[in-house]
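The following paragraphs lead through one model, beginning with the surroundings of a single residue and then turning to a sheet.

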Amino acid sequence: KNGVVILEELKKAIRKETILVTLMHANNETGVVQPIEEIAKITQKNKIVFHTDAVQTVGKIPVYPKELGVDLMTFSAHKFNGPKGTAGLFIKNGIRLGKVITGGGQERKIRPGTTNLAGVVGMAKALELATTNMEEKIKKEEELRSFFETEMEARIPNIKINGKDVVRLPGTSSISFTYLEGESILLGLDYKGIAVSSGSACSSDDLQASHVLLAKG
């Protein structure tokens with residue numbers, strides 16, 4: 001109900017033919033962070049490769065793949081002000097990936113093409129800047145979110161802060177309004193610099209209810 005994977009359900013879902021578990025580190029709509037370290041212990045015990053999609057977390061909170069215990073981890077530069085179209089894949093030592101397209105030695109023979117040096121350098125610099133004084137940034141964002149949500153709850157009846165009682169990204173707030181349509185709220189807002197949407201940015205042209213919130217009940 002809070003958007004956190006139930007570990008016992010995950011254990012039940014694993015079968016003898018299961019070779020991979022893949023999971024978002026944090027949800028892009030609610031900001032809820034999954035217990036990746038705990039899940040990694042389950043996958044290690046069952047000798048299953050574990051991949052996490054850390055696109056929402058890298059550059060926003062401290063993320064160390066070795067500490068998380070994952071075998072594979074993906075992240076994207078555009079989420080921390082790096083060049084668009086540039087991304088990274090962490091591969092744990094000992095993990096071998098099959099070839100999708102025959103490639104050259106410079107990309108471990110996994111994919112073809114010249115390495116995008118400008119993109120790589122730009123991503124590295126952007127990540128360096130994003131992680132500088134990260135603790136201070138996180139503290140500030142948490143204070144702002146707490147103030148915002150407290151004021152919302154005090155002034156507007158019948159609202160629900162999604163994922164309020166679990167670990168969330170500091171800069172994300174997801175709110176459900178009873179008896180109101182998300183689109184009508186957006187149309188009635190005077191933005192003044194506030195970034196807001198009725199769902200994830202990737203589904204901005206879709207007026208259907210959020211599949212994430214529906215799955216949470």
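Lys60 touches Lys79, Met134, Ile138, Leu169 and Pro170 when residues up to four places away in sequence are not counted, contact being defined as heavy atoms within 4.5 Å. The model is predicted, so local features need pLDDT of at least 70 and side-chain atom pairs count only at pLDDT 80 or more, whereas totals for chains, interfaces and linings use all residues. Residues are numbered from 1 along each chain as its sequence is written, and side-chain values use heavy atoms, with hydrogens and water left out.

Lys60 lies in the loop between β2 (49–53) and α3 (65–68); helices (H or I, at least four residues) and strands (E, at least two) are DSSP runs numbered from the N terminus. With a relative accessible area of 32%, Lys60 is partly exposed, a class between buried (under 20%) and exposed (over 50%), computed with a 1.4 Å probe on protein chains only. Met134 is 74 residues from Lys60 in sequence, yet their C-alpha atoms are 7.7 Å apart in space. A polar atom of the Lys60 side chain lies 2.4 Å from the backbone oxygen of Lys79.

Four strands form an open sheet in the order β1-β2-β3-β4, with mixed pairing; two strands pair if DSSP finds at least two bridges between them. β1 (20–24) and β4 (87–91) stand at the edges with a single partner strand each, so one side of each is left without a neighbour in the sheet. In general, strands of a sheet pair through backbone hydrogen bonds, either parallel or antiparallel.

On one side, β2 pairs with β1 in the parallel sense over 5 bridges, and Thr22 has His51 in β2 as its bridge partner.

Within strand β2 lies Thr52. Is this residue buried or exposed? Thr52 counts as buried because its relative accessibility is 0%. Neighbours within four places in sequence aside, its contacts include Leu23, Met24, Ile36, Val70 and Met73. His25 is also in contact with Thr52, and the backbone nitrogen of His25 lies 3.4 Å from a polar atom of the Thr52 side chain.

Key:
A polar contact is a pair of N or O atoms within 3.5 Å; within protein, one must be able to donate a hydrogen and the other to accept it, and residues adjacent in sequence count only if both atoms are side-chain atoms.
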